[in-house]
Amino acid sequence: FGERVDDMGDGKAPEDSPDVVRVFVHKLEAPKETGEKNMLDEAAMEMKEEGNKLFRAGPENYDEALKKYTAAIELCESNPKLSSTLHCNRALLLLHKKKYIEAEQDAKKALQYNPKNGKAYVRAGQACQKTGRMKMAMAWLNAAIDKAETKKAKALAERIVKQVIKEEQERLELLQKNKVPITEAQLQGAGSDVYIDKDTNGKAKKRLLSGEELKERKRKFDAIVERYGLKYAEPQEAIASYLTSLNGKVATAEDFVKRFPMMTLQEGVDFLSWIQTGLQFKEQVLDKNKKTFQQTNKNK
C-alpha cells in the first residue's frame with residue numbers, strides 16, 4: 001500500500017512480544033481534528049460504502065473492495081476518524097484475504113488516527129492470532145476490552161478473547177502429547193539435489209533438481225514463513241507437533257492446511273515440499289555417512 005507502521009518498515013514480521021503492544025498503545029495520541037468537511041471526505045465516504053458493498057458480496061470481489069478502500073484512504077488523510085475507519089475496514093478485508101501482517105499494519109495505522117477505535121484493537125489481535133503470536137494477540141484484545149467505548153465493542157473483544165483462549169488450550173494439549181521441538185534449521189530445510197517425482201505412468205522416479213528449482217522452492221518457503229510469522233517459537237512448535245503426531249506418515253497438503261487454515265492449498269504444497277527436500281537431504285547425508293563408515297571398517 002506504500003505505507004509502513006513502526007517496526008514494519010523493513011517488511012519483516014513484528015517482534016513477538018506483548019510489551020511491543022503495550023508500548024505502542026501507551027504512545028498513542030489522537031491527531032487534532034480541523035472539524036472541517038470537504039469534497040474529498042464526501043468522495044472518500046462514497047468509496048468506503050462501495051468498498052463495504054463489494055466486501056459483503058464475497059471473496060470474488062475482495063480485490064475490487066481493496067482498491068476502493070485504498071483510494072478512499074488516499075483522499076481523506078486530513079480526516080483522522082474517517083481515515084481510522086477506512087484502515088480498520090481494510091484490515092478486516094486483509095484478514096479475509098489471509099494477508100495477516102498487512103492487516104496488522106492497517107489496524108495499527110487505524111489506531112494512530114483514532115486511539116478510541118475499538119475494532120482496530122480487535123483486528124490487530126486477530127492478525128497476531130492467525131500468525132501464531134498468541135501473547136501479542138491477547139495483549140491487543142485486552143487493550144480492546146479496556147478501551148471499548150460501547151457494550152457492543154466490548155462484547156466483540158470478549159468473544160474473540162474466549163476463542164483465542166480455547167484455541168491456545170487445544171494447541172497446548174497437542175504440545176503435551178508431542179514434546180518434540182522443531183529447530184530453526186529443521187524449519188528452514190537444508191536443500192537437496194534429488195527429488196521424488198512421478199513418471200508418465202504415475203510411478204515414483206528420481207530426477208535431479210536444478211539449482212534454480214532449489215532456489216525457487218526455498219524462495220516460496222521463505223515467503224510463506226515471512227507472510228505468516230512462522231519464524232517465531234509458538235508456530236514452529238505447533239507445526240512440529242503436527243508433523244510428529246503423524247508417526248512417520250507423509251503429511252498431505254490437504255490435511256496440513258486444515259490444521260493451519262491461514263495457508264492456501266498451494267502454499268501448503270510449497271511449504272511441505274521444502275521440508276521434504278530437507279528430509280531427503282538428511283537421508284542422503286546419513287546414507288553417505290553410513291557407507292563411508294562401512295567402507296572404513298572394511299578397509300581395516
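Apart from neighbours within four places in sequence, Ser83 is in contact with Cys76, Glu77 and Tyr113. Ser83 belongs to helix 4 (residues 80-96) and is buried, with a relative accessible area of 1%.

The model is predicted. Its mean pLDDT is 75, and 69% of the residues reach 70 or more. Over residues 1-14 the pLDDT is below 50, and this stretch has 42 contacts in the model beyond near neighbours in sequence. Residues 178-198 also stay under 50 in pLDDT, with 62 contacts beyond four places in sequence.

The count of aromatic pairs comes to 6. Two of them are listed here.

| Pair | Centre distance | Plane angle | Class |
|---|---|---|---|
| Phe24 and Trp140 | 5.8 Å | 65 degrees | edge-to-face |
| Phe221 and Phe271 | 4.9 Å | 25 degrees | stacked |

Phe24 has a relative accessible area of 9%, so it is buried, and Trp140 counts as buried at 1%. The ring of Phe24 also has the charged end of Lys108 over it, 4.8 Å from the ring centre.

Phe221 in helix 10 (residues 211-227) and Phe271 in helix 13 (residues 265-299) are 50 residues apart, and this pair too links distant parts of the chain. Phe221 is buried at 1% relative accessible area, and Phe271 is buried at 0%. Phe221 and Phe271 form one aromatic cluster with Phe256 and Phe260. Within that cluster, Phe260 has Arg259 over its face, at 4.9 Å from the ring centre.

Key
Residues are numbered from 1 along each chain as its sequence is written. This is a predicted model: local features need pLDDT of at least 70, side-chain atom pairs count only at pLDDT 80 or more; totals for chains, interfaces and linings use all residues. Side-chain values use heavy atoms; hydrogens and water are left out. pLDDT is the predictor's confidence in each residue, from 0 to 100. Contact means heavy atoms within 4.5 Å. Helices (H or I, at least four residues) and strands (E, at least two) are DSSP runs, numbered from the N terminus. Buried means under 20% relative accessible area, exposed over 50%, partly exposed in between (1.4 Å probe, protein chains only). Rings of Phe, Tyr and Trp (its six-membered ring) pair if their centres lie within 6.5 Å; planes under 30 degrees apart count as stacked, over 60 as edge-to-face and the rest as tilted. A charge sits over a ring if NZ of Lys or CZ of Arg is within 6 Å of the ring centre and within 35 degrees of the ring normal.
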